[in-house]
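Welcome! Please take a moment to look over the sequence and the 3D view before reading on.

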Amino acid sequence: MRKFERTPAPDFLEQNAKKWGEEYAAKKKNNPSYLFSWKSYQGKPVNQHIEPLLKAMTDEHCAYCDHFPSQTSDDTIDHFEPKGDERFYLLAYVWTNLYSGCADCQKVKRDNFDRDLLRPDAVDFKFHRYFIYDFDCHSIEVRADANPNDQQRAAATIRIFGLNRKGLTDARRHAWERYIGMNPAQINLLDFPYRFMFED
Ligand SMILES: [Zn+2]
């Protein structure tokens, strides 16, 4: 998970989020097996309007694991507070609840949620405040010298996003090997996944 800054909500979303969220909530209450599908705005599904904006904030990387590049078939918008959980139906179109997430992170996270989960766009979020990167196992570990509350949040974040799943630790190892094998003058960090590894 790497820090990013959230840009302001697009106007059309700001203006319609409440109404669209209420419509979705009403449909779900009527029929709990109703499946979410994006509303259309100006002839185009809302996700197609906002996906490029979300991706721009993370330089096209996954907001959770920092995977890059994303595959074109990915359905890449994740609802941080899950749209399948009735506590959060009204947040289905709320800008700050939407993140660009890779298919694997979304598969692991599903409708799981914990109040302790860290948000990469929180003002006070920094990878190294909560985590240590283990360059032997390529795992992300909770910082032993962080305060107990930060430790609890880091642990919940690793668990719910599956940040140490096997495929991911392998992928980070490959990225690391590629990075250290390169001439530093030729490295463009934007082209790398898992950028928190290479940053202070
Ligand atoms: Zn991911």
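## The chain as a whole

What you see is a predicted model. The protein chain holds six helices and six strands. If you walk along the sequence, these elements come in the order α-β-β-α-β-β-α-α-β-β-α-α.

A compact globule of 200 residues would have a radius of gyration near 16 Å, and the 18 Å of the protein chain agrees with that. Of the 200 residues, 25% count as buried. Contacts also reach across the sequence: among those between residues at least 6 apart, 65% join residues at least 24 apart.

## Helix H5 and its neighbours

Helix H5 covers residues 148-161, which makes 14 residues. From its first C-alpha to its last it reaches 20 Å, close to the 20 Å expected at 1.5 Å a residue. Which residues of H5 are buried? They are Arg153, Ala154, Thr157, Ile158 and Phe161. These residues cover an arc of only 135° around the axis, so they sit on the same side of H5.

That buried set packs against H3, H4, S5 and S6. Turn to the other side of H5 and you will find Pro148 and Asn149, both exposed. Just after the helix comes Gly162, with a positive phi of about 55°.

## Helix H6

Helix H6 runs through residues 166-180, 15 residues in total. Its first and last C-alpha atoms lie 21 Å apart, close to the 21 Å expected at 1.5 Å a residue. Leu168, Arg172 and Ala175 are its buried residues. Looking down the axis of H6, you would see them fall within an arc of 60°, so they line one face of the helix.

## A hairpin of two strands

Strands S5 (residues 131-134) and S6 (residues 139-142) pair in the antiparallel sense, over four bridges. Within this pairing, Tyr133 of the chain stands opposite Ile140 in S6. The two strands form a hairpin with four residues between them. In the turn, His138 has a positive phi of about 55°. As noted above, S5 and S6 are also among the elements against which the buried residues of H5 pack.

## Backbone details in the loops

The loop between helix H2 (46-57) and strand S3 (77-79) is worth a visit, as Pro69 has its place there. A cis peptide bond joins Phe68 and Pro69, with omega at about -10°. Glu60 is found in the loop between H2 and S3 too. Its phi is near 70°, a positive value in a residue other than glycine. Glu60 is partly exposed, with 16 other C-beta atoms within 10 Å.

A further stop is the loop between helix H3 (103-109) and helix H4 (127-130), where Arg110 is found. Phi of Arg110 is near 45°, again a positive value in a residue other than glycine. Is Arg110 buried or exposed? It has 10 other C-beta atoms within 10 Å, and a residue with 12 or fewer counts as exposed, so Arg110 is exposed.

Definitions and conventions. Residues are numbered from 1 along each chain as its sequence is written. This is a predicted model: local features need pLDDT of at least 70, side-chain atom pairs count only at pLDDT 80 or more; totals for chains, interfaces and linings use all residues. The expected span of a helix is 1.5 Å times one less than its number of residues. A residue is buried if 20 or more other C-beta atoms lie within 10 Å of its own, exposed if 12 or fewer, and partly exposed in between; C-beta atoms are placed from the backbone. The arc is that of the directions from the helix axis to the C-beta atoms. The radius of gyration is taken over C-alpha atoms; the globule rule is 2.2 Å times the number of residues to the power 0.38. Two residues are in contact if their C-beta atoms, placed from the backbone, lie within 7 Å. Two strands pair if DSSP finds at least two bridges between them.
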